Amino acid sequence: MMRPFRFADLGAVGALAALIAVPFPAALAKTASAQPAPAQPAPQAEPAAPAQVAPKLETCGRWSTLVDEVDTGEDLRKTCAASTAFIGAGGVPGTLTLVITNGDALPPDAYPSITIAVDNKGLPAGKSIAATIGDDKGRVAAKLHSDGAVNGRLSWTVDNQAKISLALLRAMRRASVLDVSFGDAPVGSISMDGFTKAYRSLGASCGFPTADVAP
């Protein structure tokens, strides 16, 4: 199963690089300087760090897409995400986010993970939470599990089964507004304006076909 994506994760790469670059403690350096200096071997060239470029952002109606690339020197790792914000039941803010990487299994074998984050502590948490997602033309029953917070909001990710994920993505492409509920608890109504363009953009960026969702 693919891990749920968090936009904050993009900063983790830079933070990790900063930790690796921290010099040895000053006390260790002081102790070493008091001892006779051994002959030093010729300096060795350090391996080049993976090249990272600024994430690419695009606006598609009410949706935004992001492509984060890291060149490891062996291949180009890409994380492709699309997200939209909404106001949920009770006036609380939320986001609906899709994410996939070019290192994951790709459609039609597996589809982008689907994560809902919403600032509503009254929603059910745990594993195998029953959800209903769709509109008046059709609804999809899915199971979700709750994850850690995303930007301070509780989050839930759809259990990533290809058949269910495909049905949900097709519902998102068809609907103008997607109604989401967890059990009997309404989560919110989410605009799908721009979803089709955003999904095609994910496919173009991460290298997977989109015709089965957005022909």
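R77 and D75 form a salt bridge, with their closest N and O atoms 3.0 Å apart. The term covers a side-chain nitrogen of Lys or Arg within 4 Å of a carboxyl oxygen of Asp or Glu. This is a predicted model, in which local features need pLDDT of at least 70, side-chain atom pairs count only at pLDDT 80 or more, and totals for chains, interfaces and linings use all residues. Residues are numbered from 1 along each chain as its sequence is written, and side-chain values use heavy atoms, with hydrogens and water left out.

## Salt bridges

A search of the whole structure finds six salt bridges.

| Pair | Closest N to O |
|---|---|
| R77 and D75 | 3.0 Å |
| K121 and D119 | 3.8 Å |

Helices (H or I, at least four residues) and strands (E, at least two) are DSSP runs, numbered from the N terminus. D135 is buried, at 8% relative accessible area. Buried means under 20% relative accessible area, exposed over 50%, and partly exposed in between (1.4 Å probe, protein chains only). R174 is partly exposed at 35%.

R77 is partly exposed at 45%, and D75 is partly exposed at 35%. K121 is exposed at 69%. D119 is partly exposed at 35%. Elsewhere, K56, E69 and K78 are linked in a network of salt bridges.

## Helix α3

Helix α3 covers residues 162-174. Its 13 residues should span 18 Å at 1.5 Å a residue, and the end C-alpha atoms are 18 Å apart, which agrees. The expected span is 1.5 Å times one less than the number of residues. Its buried residues are S165, L166, L168, L169, A171 and M172. An α-helix has 3.6 residues a turn, so residues three or four places apart point the same way.

Strand β7 (residues 129-135) runs antiparallel to β8, and seven bridges join them. Two strands pair if DSSP finds at least two bridges between them. T132 has A141 of β8 as its bridge partner. A hairpin of two residues connects β7 to β8.

β8 also pairs with strand β9 (residues 153-158), antiparallel, over five bridges. That hairpin has two residues between its strands, and N151 in the turn has a positive phi of about 50°.

Which residue of β9 does V150 stand opposite? V150 faces R153. V150 belongs to β8 (residues 138-150) and is buried at 12%. V150 and A117 are 33 residues apart in sequence, yet their C-alpha atoms are 6.4 Å apart in space.

Four aromatic pairs turn up in a search of the whole structure. One of them, Y199 with F208, is edge-to-face, at 5.8 Å centre to centre and 65° between the planes. Rings of Phe, Tyr and Trp (its six-membered ring) pair if their centres lie within 6.5 Å; planes under 30 degrees apart count as stacked, over 60 as edge-to-face and the rest as tilted. Both Y199 and F208 are buried. W63, F195, Y199 and F208 form one aromatic cluster.

S201 lies in helix α4 (residues 195-206). S201 is buried at 13%. Leaving aside neighbours within four places in sequence, S201 is in contact (heavy atoms within 4.5 Å) with E58 and T65.

## Backbone details

The peptide bond from P107 to P108 is cis, with omega near 10°. P108 is in the loop between β5 (93-101) and β6 (113-118). S128 has a positive phi of about 55°, although it is not a glycine. S128 sits in the loop between β6 and β7 and is partly exposed at 49%.
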